[in-house]
Amino acid sequence: MQNNIAKILQDMNMNPADFKGGNLDVFSPIDGHLMGCVLMDTKETVDAKIAAAHNAFQTWRDVPAPQRGELVRLLGEELRTHKDALSALVTAECGKIFEEGKGEVQEMIDICDFAVGLSRQLHGLTIKSERPGHHMREYWQPLGVVGVISAFNFPVAVWAWNATLALISGDTLVWKPSEKTPMVALACQKILDRAIARFGNAPAGLSSVIIGLKDVGEQMVDDQRVSLVSATGSTRMGREVGPRVAARFGKTILELGGNNAMIIAPSADLDMAVPAIVFGAVGTCGQRCTSTRRVIVHESIYDILVPKIKKAYASLRIGNPLANGTLVGPLIDQLSFNAMEKALADAGAEGGVVTGGGRRIIEGCADGYYVNPAIVEMDSQTASMCEETFAPILYIIKYTNFDHAIVTQNAVPQGLSSAVFTTDVREAEQFVSSVGSDCGIANVNIGTSGAEIGGAFGGEKETGGGRESGSDAWKAYCRRMTSTVNYSREMPLAQGIKFDL
Ligand code: NAD
């Protein structure tokens with residue numbers, strides 16, 4: 001494994017020595033071995049990086065947006081060149097299978113392409129003025145420094161979703177990655193540095209990474225110079241970060257926990273539903289914000305669907321995520337394993353019937369936390385089902401009435417992703433109507449997990465309300481300016497007031 005890491009770093013022209021001698025140990029979830037020791041930032045270096053980003057903003061905001069897009073185009077090229085090596089590093093550091101690692105890097109490339117096109121389309125509105133001889137317009141101006149906080153499970157794509165839109169909008173960046181995945185963050189910075197070198201005239205300090213525990217994140221969150229904090233992680237983290245940024249009137253994008261359900265109606269095509277459920281529940285070992293955690297199935301097909309899911313679970317290939325054919329890799333660490341065990345014990349105490357669960361020892365990876373994905377059959381939605389346990393636990397309950405199924409789906413604190421499997425057009429349309437799913441993502445005959453970069457991504461309630469990636473999510477990275485121009489020779493005052501001057 002250690003040789004693999006050295007090779008991966010070499011493939012990215014990175015020096016393995018840069019990842020030695022620091023004070024933050026990085027362990028691979030694959031086999032628990034020490035991958036590297038990176039240097040944590042101090043109060044002083046965090047301050048200097050924010051100051052540099054703030055200075056860089058003074059110049060970058062004035063570079064024409066299509067030129068800013070050119071830098072993002074070059075970033076996309078560099079990512080294409082280093083796709084396999086970066087994907088392998090993602091797998092080594094966060095444990096998702098190599099195909100998923102490649103999928104994550106592809107998302108980075110896709111958002112680069114999206115942002116390049118967008119850099120020529122940062123359109124504002126023209127608005128009809130009520131006053132004669134006046135023009136009213138809306139501009140989207142650069143905002144300032146964007147502070148990105150990211151989670152371990154999407155250790156590179158979340159940065160790219162934010163960084164590309166911020167850069168074309170005229171913003172500069174400081175990124176605080178998860179303390180569990182600092183090496184891929186440093187690799188992304190190297191890749192961006194290469195694009196910046198080719199671009200030629202970007203200001204120093206345009207984008208940097210700050211490494212450390214939550215204290216460095218807090219310092220960034222509290223810094224008045226950081227105009228927008230885009231924070232991805234647990235709801236617990238969002239509860240701390242949101243009010244701190246609000247206290248200084250900063251802006252936030254919060255992308256927090258999910259607790260995503262699929263409703264399986266009597267008319268559902270089960271050949272489509274079963275793979276969607278299984279992939280949604282066990283992909284990334286249940287560690288996606290969009291993982292399928294609950295299945296709400298009509299009572300008439302319960303006895304057909306559940307055996308099919310169990311059969312699919314029995315054939316899952318669990319093991320080293322770098323190995324060909326593996327479908328389920330490890331959990332990130334022992335804490336995650338403990339959380340899974342506790343959730344299963346709680347479910348049992350609530351009357352749930354548990355199939356699966358428990359640790360699985362994988363040859364050559366004995367110190368990795370591999371698990372058997374679990375299915376929990378419940379009579380009704382219980383307290384533990386309302387929590388997000390970041391592990392492959394799939395709760396299954398029955399429903400009799402479609403309206404009630406929607407109520408059950410919505411009756412959790414989180415509101416990220418949701419799906420219905422049905423061939424009944426009324427059910428499908430009701431699900432996406434104003435009285436349907438209350439989530440930011442509502443799919444029909446597609447699972448809950450993952451999302452295309454073209455749409456805005458995010459969720460409601462305890463998921464935080466933020467939106468990233470496609471559609472008009474770019475507007476969050478801008479300052480909205482309304483401008484009225486009087487091209488007449490009159491000075492009409494508001495409310496018809498006249499001064500005798
Ligand atoms: P986490 O909340 O433990 O950590 C996320 C990041 O927040 C880390 O970089 C951490 O250092 C930082 N952090 C924690 N407390 C902080 C504070 N007080 N101030 C500043 N920074 C702080 O989450 P995790 O375990 O890395 O990731 C799993 C969670 O992330 C799950 O809940 C998952 O649903 C969520 N997630 C959400 C999305 C989304 O788009 N909605 C995407 C990926 C992950």
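Is Phe-249 buried or exposed? Phe-249 is exposed, because its relative accessible area is 79%, where exposed means over 50%, buried under 20% and partly exposed in between (1.4 Å probe, protein chains only).

This is a predicted model, in which local features need pLDDT of at least 70 and side-chain atom pairs count only at pLDDT 80 or more, while totals for chains, interfaces and linings use all residues. Residues are numbered from 1 along each chain as its sequence is written, and side-chain values use heavy atoms, with hydrogens and water left out.

**Backbone angles**

Phe-249 is not a glycine, yet its phi is positive, at about 60 degrees. Phe-249 belongs to the loop between H9 and strand S9 (251-255); helices (H or I, at least four residues) and strands (E, at least two) are DSSP runs, numbered from the N terminus. Lys-461, also a residue other than glycine, has a positive phi near 55 degrees. Lys-461 lies in strand S21 (residues 460-461) and counts as partly exposed, at 37% relative accessibility.

**The ligand**

The largest pocket is the space taken by the ligand. A pocket is found on a 1 Å grid over the protein atoms alone, as an open set of points with protein on both sides within 12 Å along at least five of seven lines. A molecule sits in a pocket if more than half of its atoms lie within 2 Å of the grid points.

Around the ligand there are 28 residues, of which Glu-179, Ser-234, Glu-240, Leu-256 and Glu-388 come nearest; a residue is near a molecule if one of its heavy atoms lies within 4 Å of it. Helix H8 (214-222) and helix H9 (235-247) are the elements that give two or more residues to this shell. The most comes from H9, with four residues.

| Residue | Protein atom | Ligand atom | Distance |
|---|---|---|---|
| Pro-177 | polar backbone atom | oxygen | 3.5 Å |
| Gly-233 | backbone N or O atom | oxygen | 3.3 Å |
| Glu-240 | side-chain N or O atom | nitrogen | 2.5 Å |

On its own the ligand has 850 Å² of accessible area, and the protein covers 93% of that; the areas come from the Shrake-Rupley method with a 1.4 Å probe.

**Cysteines**

The structure holds zero disulfides, a disulfide being a pair of cysteine sulfur atoms within 2.5 Å. For Cys-112, the nearest cysteine sulfur is that of Cys-188, 10 Å away. Cys-112 counts as buried, at 0% relative accessibility. For Cys-289, the nearest cysteine sulfur belongs to Cys-439, 12 Å away.

Methods:
A polar contact is a pair of N or O atoms within 3.5 Å; within protein, one must be able to donate a hydrogen and the other to accept it, and residues adjacent in sequence count only if both atoms are side-chain atoms. On a 1 Å grid over the protein atoms alone, a cavity is a set of points where a 1.4 Å probe fits but cannot get out, and a pocket is an open set with protein on both sides within 12 Å along at least five of seven lines; lining residues have an atom within 4 Å of a point.
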